[in-house]
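Thanks for passing this one over.

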Protein chains: 2
Amino acid sequence: MNALAAYLQQSSREVETLLDSLLPSEQTRPAILHQAMRYSLFAGGKRLRPALCFAACEACGGTRDQAVRPAAALEVLHTYTLIHDDLPAMDNDDLRRGKPTCHKIYGEANAILAGDALLTLAFELLAGSDLEPARMVMELAKAAGSTGVIAGQVEDIANEGQALDEDTLRFIHRHKTGDLIRAAVRLGVIASGTDQALEPLTRYAEHVGLAFQIADDVLNATSDSDTLGKAVGSDAQRGKQTFVAFLGLEKARREAERLVHEAVALLGDLPGPTAPLNDLAWHVIRRDR
Amino acid sequence: MNALAAYLQQSSREVETLLDSLLPSEQTRPAILHQAMRYSLFAGGKRLRPALCFAACEACGGTRDQAVRPAAALEVLHTYTLIHDDLPAMDNDDLRRGKPTCHKIYGEANAILAGDALLTLAFELLAGSDLEPARMVMELAKAAGSTGVIAGQVEDIANEGQALDEDTLRFIHRHKTGDLIRAAVRLGVIASGTDQALEPLTRYAEHVGLAFQIADDVLNATSDSDTLGKAVGSDAQRGKQTFVAFLGLEKARREAERLVHEAVALLGDLPGPTAPLNDLAWHVIRRDR
């Protein structure tokens, strides 16, 4: 296993251990709700956002312990967005990471409510942090709210199947994907207890976030169904606008690489280890999800 | 106008002024999202939860200013629960307070996302409080989460149209309605900066919360459609179990009165004025919504 794979696995394990201990058990009333929450939360994602949070905290000289609550909150919030995005009223997806989506198993009402409960839990996790809990809640709420992740999702749905300009495409991605990646890195910095690197690491995160989405579009256009865990080319089939549709495959790939180069160039002069942030930036454009 | 009506109006005005200044305008991108949020938020509810928060804060010797952020957060959170409860996948209601529900006007996807954005905003509001922001976030998150309001809604949906025992009925109401009323009073106490009355006022709130739901059932069984703002007797029509179905109309009315008597008996020995808490307790069983 290479260093990055080990880093992702460790981050995943630490987050899952905390979440397993804090989440009500599958027997806790209402059992179906807690089953639905755990089903989606422990569905085996790569835990990219927690890893970014840990890595940013360590790069700023903080410990992994300081970052574990915000890391868990990020994964919980990310999971809620996936559950709601997959709903029949939104993307109407039956599969997620190769498994039936939450509403396919637990029904639409319970999926909506499981998402609501996870969103709520994310803020409960942050409120229980030792360091700057209120500032962390504010950071995540702004990133996830009506001018953040949700703004991206609303515009994405509003423009589905329509021709849209590059400005709108960038708006959608900056918010829908970018804002949470940005928050992951910033929460890691805040958790470290020092703000010195907040500005350069915020820019790092913005580049990585955009590269992530471009790579996502490339992946959707080129992967086979097993790798992707959902139907191949589904974006193109629904007439969804992507960076690939805009730039073409090769230019999209090069743009993602350029952004990662810019991101890692911002990692000089930090008090802690920066190898994980460097590896994660390259990983987002080379991952198979 | 009597004293209580004036109190409710003042609370409503203060909360709406704050929310209007903090919420993105209807022109802010995505415009449809911010229109949907404002449509449901400014739909003219009685603002009972904010009033309870203000009243609890004042009864503990705090000022109205100290309570305005949590009061607003409570109304924002309450509004999200209404939007999601009305969805086709849940209660499938077309009318709310005599007006078309959020999803009837803005579509299902935008209604889900407007609810998500309001839930997120509630925590942003609390995180910006001067006093004990993290504790307030924790309080509201626990009340609203998977063992609070959402637990009540899941059990309500799971049991719709089925015979259920009184224990389940009480579980549903304690969480679906009670937990937020309890949080309203507790946040008011916390906002006042003194915890002395937290225990008796929590019990006050628990009694008032249960009385509220019993009165709601009585109202649904007896009111005309204009007063109610939705179809009359709709609970009975869907086979929804209510306290009226359990106890009969007269016993249900008496139980609500008994609970209010117990609640107001807890209002002795507080440093500030208790008339609003007294009036609000009686109001919940006499309101026409």
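1. What percentage of the contacts in chain A with a separation of 6 or more comes from residues 24 or more positions apart? The share is 71%. Please keep in mind that this is a predicted model, so every value below describes a prediction.

2. A word on the overall build of chain A. The chain has 15 helices and 2 strands. Its radius of gyration is 18 Å, close to the 19 Å that the globule rule gives for 289 residues, so chain A is as compact as a globular protein of that length. As for burial, 53% of the 289 residues of chain A count as buried.

3. Now to the contact between the chains. Chain B gives 43 residues to this contact, and chain A gives 43 residues. On the chain B side, at least two residues each are supplied by α2 (31-41), α6 (108-127), α7 (133-144) and α8 (149-158). Helix α6(B) makes the largest contribution to that side, with 13 residues. Sorted by class, the side of chain B that touches chain A holds 27 nonpolar, 10 polar and 6 charged residues.

4. The α6 helices of the two chains deserve a look in your viewer. Two packed helices are described by the angle between their axes and the distance between the axes. For α6(A) and α6(B), the angle is about 20° and the axes are 10 Å apart. With the limit for roughly parallel set at under 35 degrees, that angle makes α6(A) roughly parallel to α6(B). Their crossing is right-handed.

5. Which residues meet where α6(A) packs on α6(B)? From α6(A) come Ile112(A), Asp116(A), Leu119(A), Thr120(A) and Phe123(A). They meet Ile112(B), Asp116(B), Leu119(B), Thr120(B) and Phe123(B) in α6(B). By class, this contact divides into 6 nonpolar, 2 polar and 2 charged residues.

6. Within chain A, helix α6 (residues 108-127) also packs with helix α7 (residues 133-144); their axes come within 8 Å and cross at roughly 150°. Angles over 145 degrees count as roughly antiparallel, and α6(A) is therefore roughly antiparallel to α7(A). The crossing of this pair is right-handed.

7. Ala122(A), Phe123(A), Leu126(A) and Ala127(A) in α6(A) meet Pro133(A), Met136(A), Val137(A) and Leu140(A) in α7(A). The contact of α6(A) with α7(A) has 8 nonpolar residues, no polar ones and no charged ones.

8. Is Ser146(B) buried or exposed? Ser146(B) sits in the loop between α7 and α8 of chain B, and it is buried because 27 other C-beta atoms lie within 10 Å, where 20 or more is the cut-off. Leaving aside residues up to four places away in sequence, Ser146(B) touches Pro24(A), Leu33(A), His34(A), Met37(A), Ala117(A), Leu121(A) and Ala151(B). One further distance: the C-alpha atoms of Ser146(B) and His175(B) are separated by 9.7 Å, with the two residues 29 apart along the chain.

9. Some backbone geometry to check before you set anything up. Most residues other than glycine have a negative phi, and most peptide bonds are trans. In chain A, the peptide bond from Arg29(A) to Pro30(A) is cis, with omega near -5°; Pro30(A) is in the loop between α1 (3-22) and α2 (31-41). In chain B, Arg29(B) and Pro30(B) are joined by a cis peptide bond with omega about 0°, and Pro30(B) is found in the loop between α1 (3-22) and α2 of chain B.

10. Last, two positive phi values in chain B. Arg47(B), in the loop between α2 and α3 (48-59), has phi near 60°. With 24 C-beta neighbours inside 10 Å, Arg47(B) counts as buried. Glu132(B) has a positive phi of about 50° and lies in the loop between α6 and α7 of chain B. Glu132(B) counts as partly exposed because it has 18 C-beta neighbours inside 10 Å.

Note on methods
Residues numbered from 1 in each chain as written. Chains lettered and ligands numbered in written order. Predicted model: local features only at pLDDT ≥ 70, side-chain atom pairs only at ≥ 80, totals over all residues. Axes fitted to C-alpha atoms, helices over the stretch in contact; angles between N-to-C directions. Helix = DSSP H or I, 4+ residues; strand = E, 2+ residues; numbered from the N terminus. Parallel < 35°, antiparallel > 145°, perpendicular 65-115°, else oblique. Left-handed = near helix turned anticlockwise from the far one by under 90°. Contact = placed C-beta atoms within 7 Å. Nonpolar A, V, L, I, M, F, W, Y, C, P; charged D, E, K, R; others polar. Rg over C-alpha atoms; globule rule 2.2 N^0.38 Å. Buried ≥ 20, exposed ≤ 12 C-beta atoms within 10 Å, placed from the backbone.
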